[in-house]
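Morning, everyone. I will go through the confidence of this structure and then some of its salt bridges.

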Amino acid sequence: MTRSTDRIPSTTPPDATDAARAPGRARVVARRELLAWGAGGALGAWGLAGTGTARAQEMSNTLPDLIDRSRQAVVAVGTFAATDNPRFGFRGTGFAVGDGRRIVTCAHVVPNPVEKDLMITVPAAGNASGQPQLRVVKLLRRDAARDLAILELADDKGALVDVLSLAEVDGDRPVVREGAAVALMGYPIGTALGVTMATHRGSIAAITRAALPAPSSNALSERAVRQLREGALEFLQLDATAYPGNSGGPLLDIRTGKVVGVVNMVALKGTRESALSAPSGISYAVPVKYVWPLLDK
C-alpha cells in the first residue's frame with residue numbers, strides 16, 4: 001500500500017527560503033538552479049508552441065498539395081447542342097474514378113430524361129493533349145434515391161489521366177469522423193465564373209440521417225418508395241459553404257486525400273437565389289459508401 005507521505009517528484013523550482021538559510025555559496029547555487037528552472041520552463045513552453053506551429057504549417061501545406069494532386073480529375077458536367085448558346089450547358093460537377101473512364105456525379109445533375117448529348121469539360125492537365133477538352137459521356141447508372149449517378153466516356157480518345165481514390169468502407173463504420181477537416185471541390189456558380197474550379201475547406205459537422213424528397217410525383221419510382229420504407233439515408237453535414245454548381249463534386253478528407261462523399265445539396269435560408277445572396281454555410285454530402293455499390297455493378 002502506498003503511504004500518505006509518499007510524494008511524486010516535484011517539478012517546481014527550489015524553495016527560495018532554503019537558499020536564504022544556506023551559506024553564500026549555497027545561495028549562488030540556489031539562484032543558478034532557479035535560473036536554470038526558469039530557462040527550462042521558458043524553452044519548454046516555446047518548444048510546445050513551436051510544435052503546434054509546425055503542425056499548423058503542415059496542415060496548411062497539405063491542402064494546397066491535395067488540390068494540385070486532385071484538380072485534374074474534377075470535371076464540369078453538362079449537356080451539348082450545336083444550336084444552343086452557349087453550346088455547352090453547365091449542370092454540375094463530377095470526378096473521375098477507377099480506370100479513368102467513369103465519372104461520379106449526382107443524379108440531379110443529369111437530365112431526366114436525357115434529351116441532349118451529355119458531355120464533360122476536362123481540365124487542361126487532365127488529358128493527354130494538355131488542353132481543355134470536351135468529352136462525350138453516357139449515363140451508365142443512376143440511383144435517384146441516393147442522388148448518385150455514374151457516367152462513362154463514350155468516345156475512343158482514351159481514359160482520363162488522373163483519377164481520385166475512394167475511401168474504403170468497413171461495414172457500417174463511418175469512413176470519416178465528425179470534426180475531420182475536409183475540402184469540397186467543384187465549379188460553383190458554373191459559367192458565371194467561367195467554369196473555374198474552386199476548393200472550399202470545412203469540417204464534418206455531423207453525420208446525420210434524412211430522406212431525400214422527390215422533386216415531383218413522377219420521380220417516385222418503385223425503388224424510391226422502397227428506399228423510403230427501408231429508412232432514412234445517411235448524410236454528411238458540412239460547415240463549408242457549397243453553391244449551385246458544386247453538386248456532384250468530391251468531398252475529400254484532407255488527411256488521407258481520399259473521397260469520403262459527394263456534395264449534393266445546401267441548406268437554404270429562403271429561395272434558391274439565397275444560396276448566393278445569403279448562404280447558410282451548411283451543406284450536405286452523400287457518403288462514399290453509397291458510391292461503391294454503383295461502381296461494383
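A salt bridge here is a side-chain nitrogen of Lys or Arg within 4 Å of a carboxyl oxygen of Asp or Glu. The model is a predicted one: local features need pLDDT of at least 70, side-chain atom pairs count only at pLDDT 80 or more, and totals for chains, interfaces and linings use all residues. Residues are numbered from 1 along each chain as its sequence is written, and side-chain values use heavy atoms, with hydrogens and water left out.

Confidence, then. pLDDT is the predictor's confidence in each residue, from 0 to 100. The protein chain averages 77, and 64% of the residues score at least 70. Over residues 26–51 the pLDDT stays under 50, and the model has 10 contacts (heavy atoms within 4.5 Å) for them beyond four places in sequence.

Now the salt bridges. The count is 6. One of them pairs Glu152 with Lys138, at 3.8 Å from N to O. Glu152 lies in strand E6 (residues 148–153) and Lys138 in strand E5 (residues 133–143), so this pair ties together parts that are 14 residues apart in sequence. Strands are DSSP runs of at least two residues, helices (H or I) of at least four, numbered from the N terminus.

Another joins Lys289 and Glu234, with the closest N and O atoms 3.4 Å apart. Lys289 is partly exposed at 25%, and Glu234 is buried at 14%.

Last, Asp170 bridges to Arg173 at 3.6 Å between the closest N and O atoms. Arg173 is exposed, at 61%.

Note on methods. Buried < 20%, exposed > 50% of the residue type's maximum accessible area, 1.4 Å probe, protein only.
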